[in-house]
Amino acid sequence: MKTFIQISLFIFALVLTSCQDIVEIDVPAGDTELVVSGQISDKDSTYVLLSTTAPYFSEGETSVISGARVSLWEGGSELSLLSESSSKPGYYSSDFKGSIGKIYHIEVDITGDYPNKTLGTWVSKADTLRACPPLDSLKQATLNRTTTPRAFEEGEFALMFFGDIPNTKNYYRVKRTLNDSAFAREIIIFDDFGVDGAYFGGGIFPPISIFGPFDEEKMGEEKDTLTVRVESVSNDFQSFLTLVSSQSQVGSPFDAPPALVVGNIHRKENEREYAFGYFSVVGTNSNGLRYKP
Amino acid sequence: MRFLLNLLFLGLSFQAFSQNLLHTYSGYVRDSKTGEELIGVNVVIPNLGEGTSTNLYGFYSLSLKPGIYEVSVQYIGYQTKTMKIDLNTDLKMNIELSENTTELDEVTVTAEKLDQNVSSVEMSVAQLDIKDVKKMPALLGEVDIIRSLTLLPGISTIGEASNGFNVRGGNTDQNLILLDEAPVYNSSHLFGFFSIFNADAVKDVKLYKGGIPSRYGGRLSSVVDVRQKDGNNKEFSGTGGVGLLSSRLLLEGPIQKDKSAFMVAARRSYADIFLALSPDPAISENTLYFYDLNTKLNYIISDKDRLYLSGYFGRDVFEINDLFGFDWGNTSASLRWNHLFSDRLFSNFTLVFTDYTYSLGTADDAEFNFRLQSTIQDYHFKNQYNYYINSKNEIEFGVEGIYYRMKPGQITGSVELELQREYAFEPSIYFSQELELGTRWTLQYGLRYSSFYNLGAQTVRNYSNPDLPNSEELIGSQEYEAGEIIEAYNGLEGLEPRFSANYRIDDERSIKASYNRTRQYIHLISNTSTPTPVDLYRPAGRYIEPATVNQIAAGYFQNFAENRYEVSVEGYYKDFQNIVDYRNGADLIFNETIETEILSGIGRSYGLEFYLRKREGRLSGWLSYTLSKTELKVENDDPLLAINAGEWYAANYDKRHDISFVLSYQLTKKWDLGMNFTYQTGRAITPPEGRFTFEEYSVPVYRSRNSLRIPDYHRLDLSANYTPPKDPNKKFYSAWSIGIYNVYARRNAYSIFFEQADAPAGATAPSFNTQAVQLSIFGTIIPSVTWNFNF
C-alpha cells in the first residue's frame, strides 16, 4: 500500500506539471493610433500624456506626440491650456486642481507629422469629480489565521480604517507606495456593493488589510514607510482599469476572451471613433504608516 | 403540418383496418445474467426482412400475420438467439441474451451480422459500448465516457481540462445531457479533467448530433442520453476498482429475485489525501476532491407495470486551508413508470427533479464571513407513448413540461444580499412516426412544439433601448406578481420539425438525410474559454431571446465483409440564430443587470465526417476524421459592440481537422492492448495587433477575434489490460489496467497568451516589453495503473 501511495504521489506530481513556455509567433500589425492618458483630481496638478500605439512586440515605451494643443474644460468653459514639459515630450500639465462636484473634460488638437489616424481634435467624455471619503488612519497589527481580518501568513500588517459615503454607488481605487516606490502594475479596486455606508474598522466590518506582512529581513535599519492613496473613481473608469488589468494576461482556460480596451477618448466630430487611454476625474485622499518592528 | 397529420391519420386508419388481421409478438429483452433490460436489440424475422428494435426500456413489439416464424434476436456483444414462434394469437415473450465470452479461438463471426447502422433511419448518432470504453486508454486510468465520445466524428473539446464538449459547432451549453432522463447541468469533475459519469454504473450511452428525435428538446446541438444500470435482479454482485485518482464500488442485487433490484455505485477521488502528505502546510492543508453516488431501484409490479427510481448526487470540493472554500455539483432524482396499455401501446411517465448548485465563500466561523450560492432547479413531467402499429409503422408521441427555478446569486453571512430569483415554464408536445415504405425507404418525421414562459415574481428593469439594454439608459422598472407572465414565447417559432429518411441501396449500403430544427430557452452565461463551475444558466425573457438552429445532414453508409466493417461519410450544415455573446469586459458574476452585458449574434457551422470501424476480431477499433468550420457573427452600429468589426469570426472551439484513431488488440487470452491517437488543428485565438502604454501597463490592442491558430494538437495514449483466467470455483476475480497518457510527452498548447514581461531583476523602471507564452495543461507523460475487481 505504501508503494502504491508513493507511485501515486509521483504520478500526481507529474500531472500537475502544466507548463508555460515563451514562444515566438507572428502577429498582424495594425495602424498606429492615438493614446491619451491623464487625470484631474482635487489634490494634484492636472496632467495629460499623449502617445501612440506600437507594434505588439516592439520594445520599450511607445512614441509620444509633441506640439499638441491640450485644453481643460469645466462644464462648457475652457479653463486652461496644459503646457508641454520641455524635459518630457508628450507630457502636458497644469497646476489647476479640480473641485468636488464639478464636471471636467479635455480637448486635444493634434497636427503635424504624425500618423493620419492620430490627427484631428479629440475629447474625453465629461465626468464629475466625486468626493473621496477621508482615509482616517493606517494602523499596524499582527495578523494570523485566527485574527480578524485573517492572514494566511502570520506577520505585521497595515490596516486601513475607512468609511464609505452612504447612499451613493462608489468605486474606489487604491494606490500603494512603499518607501516612495509605487507597486509595479498594481490595480486595486473595490466598491460598496452590499456595504453601502459601511465603516471598515468598526461594527461588523473589520478594517481592510491593505499591506503585509512587512518583510523584516529586507528592511535593515531603515523602517518601511507605507503610503496609501484612495481615489473615488467613476464606474466607467473602474471598468476600464479592470479591463486593463485583466487584458494584460489572457489565455488560461478560465479567462474571458481578449477584448479591445477602449476608454473615454473619442474624436470630437464622431463619438464612435475612439482613441485609446483614459482621462480620469477623481477625488482623492491619502495617509501613511511607518512600520515599527 | 397538414401533411404530417395526414400521415398520422393514414397510419392510424391502417392500424384500425388491419388490427384483426395481425397478432402481436411483444416483450422485453434482458441480459441472462443480470436481468438488465437491453436497449436497441434487433428483433427480426429474417424470412420477411422485417423487424424492430427494443426501446429505451428494453421493450419490443412486432405485429405480424398469423403463422410460424423464425425470430432472430441480435445485439452487439451478445450471442445471437434464434427461435421459432407460432403466432396464432398475441404472444408475449421475454427474451434473455447471453454475453459473448472473449475467447481467442472464438473470433469467428456468427451467421447474422448487425447492420443497424445501414438499415436504421437514425443518422448522426454516436454510440459506444461501455465495455469497449473500459478497455481504452484513459487519463490517470479514469474511464471517461464523455472523453471517449470525443474520439468520434463531430465531437470535440476545446482542450484538456475543459468543462463540457462541442458537437458540430455547438457551444458547450447546447448539449442536453440526460442521466436516466434527468438533465445534468455540469458534466465535469475537477474543472473538466473528468466526467461525472461512473462507467460502472452506466448501461448505455447514445449521443445524437443530428436527426434528433422529436422526443428531445431544449438544446440546440446534441442530446446525450445516458442510462444507468437497473440493478441485477438475479443475484447479488459487485464491481469496483482502485485507481490513482479515485476508487469506486458498485453493488447491485435483487431485493426480490426477478421482481425488484437495486444498484448503488459510489466513487471518490483522493487528491486531498495526497495533498495531506506534503510537508508544506500551504499544500497539505488544502482540500481537493470529488465524489459521486449513483443509485437505482426498479420494481416489476406486473407484466404491464414497472417502476424505476434513480438518483445521482455528485460534488466537487476545493478548499484553500481554512480561508476559502468552493464546492459545486449536481443532484437529480427521476421516477419512471412504464405501463403497457396493450401489447402495442407502451407508455412511460416520468417525474424528474434536478439541481445544480455552486457555493463559495469564507469559513463559516470567520468573524467577517460570506458565502455566495447559486442554484438552478428543474421539475419535469413527461408522458410518452410508443404505439407499434405493425413492424413497419411506429408512432411516438408525448407531452413534457419543465418548471425552472433559478437562484442566480445569494450572499449570506456578515452581508446578506440576493439577486432576483427567476422562474420559467417550458411546456412542449411532440409526435413522430417511423414508417417503412417498401423495402428501400424508411422515413421518420415528427414535430415538436415548444413554448416558454418567463414568470414572476420579479422586478423587470426598463431601458430606453430595449433591444440593447444599457445601464445608463435605465428608465424605470415594472413589478410582476408570482406566476405572472413576464415574457411569453409561444408563437409559431416554437415549431420544431424533425425529419429523417433512409434509402437502402442494398443490404450493405444506404443513403440517409435529415433535417431538424431545435430551440433553446436557457443560456449558459459564460464568457470564458471553457465554462467554469460558477457559470449559471439564465432563462430567455424580456431581453434574452431563445436561440434556434436549423440543421441539415446527409450521409452515405456502408458495411462490408459481412458487417464486420462499417464506413460512413456525413455532411452537415447548421444555421444558428440568437447566439449569446458578451460586451468587452463583461462582468457576469453577481450582476443584477446581466442583460446589459449581453449581445446577440448568429452562427454557422458546416463539415464533413468520416468514420471507419472494424467491429470484431482480435484487432478492432475505428478511424474518424472531421473536417469542419464554425463561425459566429455579432453586428452592431457601435464599433465597441460589434465583435470583429461585425464580420464573421471563428468560434474559439473551431478546429478544421480532427482525426482520431482508436485500436484494441487481443494479444493473448490474458492480455489486451489499446491505443488512441488524436490529431487536431490548433484552435483559434485572438492575436494583438499592437499595444499602447497606460500607466505602467503595456495594453494589447485586440481587434480581429480568433484570427490566429495555436499549434496543432496530437497525442498518443497506450493501455494494456491484464485479465487472469476466472477460477470457476471463485466468484471474486480481478484485473489490472496499465496506461500511458501522452506517450511522447508532447507539450500540447492549450492556449497562447500575450503578456507584459517582468522587468529584469534589479531594474528600477518597469518593462514595457511583451512576450507570447504557450500554456500547456500537461507537460509530460502520465502513467497510470488501476486494479479492477468483480464479485
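I looked up Asp180(A) and found it in the loop between strand 12 (171-178) and strand 13 (181-182) of chain A. Helices (H or I, at least four residues) and strands (E, at least two) are DSSP runs, numbered from the N terminus. The model is predicted: local features need pLDDT of at least 70, side-chain atom pairs count only at pLDDT 80 or more, and totals for chains, interfaces and linings use all residues. Residues are numbered from 1 along each chain as its sequence is written, while chains are lettered from A and ligands numbered from 1 in the order in which they are written.

**Backbone angles.** Phi of Asp180(A) is near 70°, positive in a residue other than glycine. Is Asp180(A) buried or exposed? Asp180(A) counts as exposed because it has 7 C-beta neighbours inside 10 Å. I used these cut-offs: buried means 20 or more other C-beta atoms within 10 Å of the residue's own, exposed means 12 or fewer, and partly exposed lies in between, with C-beta atoms placed from the backbone.

Next I checked Asn742(B), in the loop between strand 50 (733-741) and strand 51 of chain B. Its phi is about 60°, again positive without being a glycine. Asn742(B) counts as buried, because 22 C-beta neighbours lie inside 10 Å.

**Cis peptides.** Most residues other than glycine have a negative phi, and most peptide bonds are trans. I noted a cis bond between Gly212(A) and Pro213(A), with omega about -10°. Pro213(A) sits in the loop between strand 16 (208-211) and helix 2 (216-219) of chain A. Another cis bond joins Gly456(B) and Ala457(B), with omega about 10°. Ala457(B) is in the loop between strand 30 (452-455) and strand 31 (458-463) of chain B.

**Strands of chain B.** Strands pair if DSSP finds at least two bridges between them. Strand 24 (residues 345-362) and strand 25 (residues 370-390) of chain B run antiparallel, joined by 17 bridges. I traced Val352(B) to its bridge partner, His380(B). Strand 25 also pairs antiparallel with strand 26 (residues 393-413) of chain B, over 19 bridges. Strands 25 and 26 of chain B form a hairpin with two residues between them.

**Between the chains.** The contact takes 65 residues from chain A and 71 residues from chain B; residues touch if their C-beta atoms, placed from the backbone, lie within 7 Å. Helix 1 of chain A gives the largest share of chain A's side, six residues. Strand 18 of chain A runs antiparallel to strand 51 (residues 751-756) of chain B, with two bridges. There, Gln249(A) has Glu755(B) as its bridge partner.

How values were computed
Contact = placed C-beta atoms within 7 Å.
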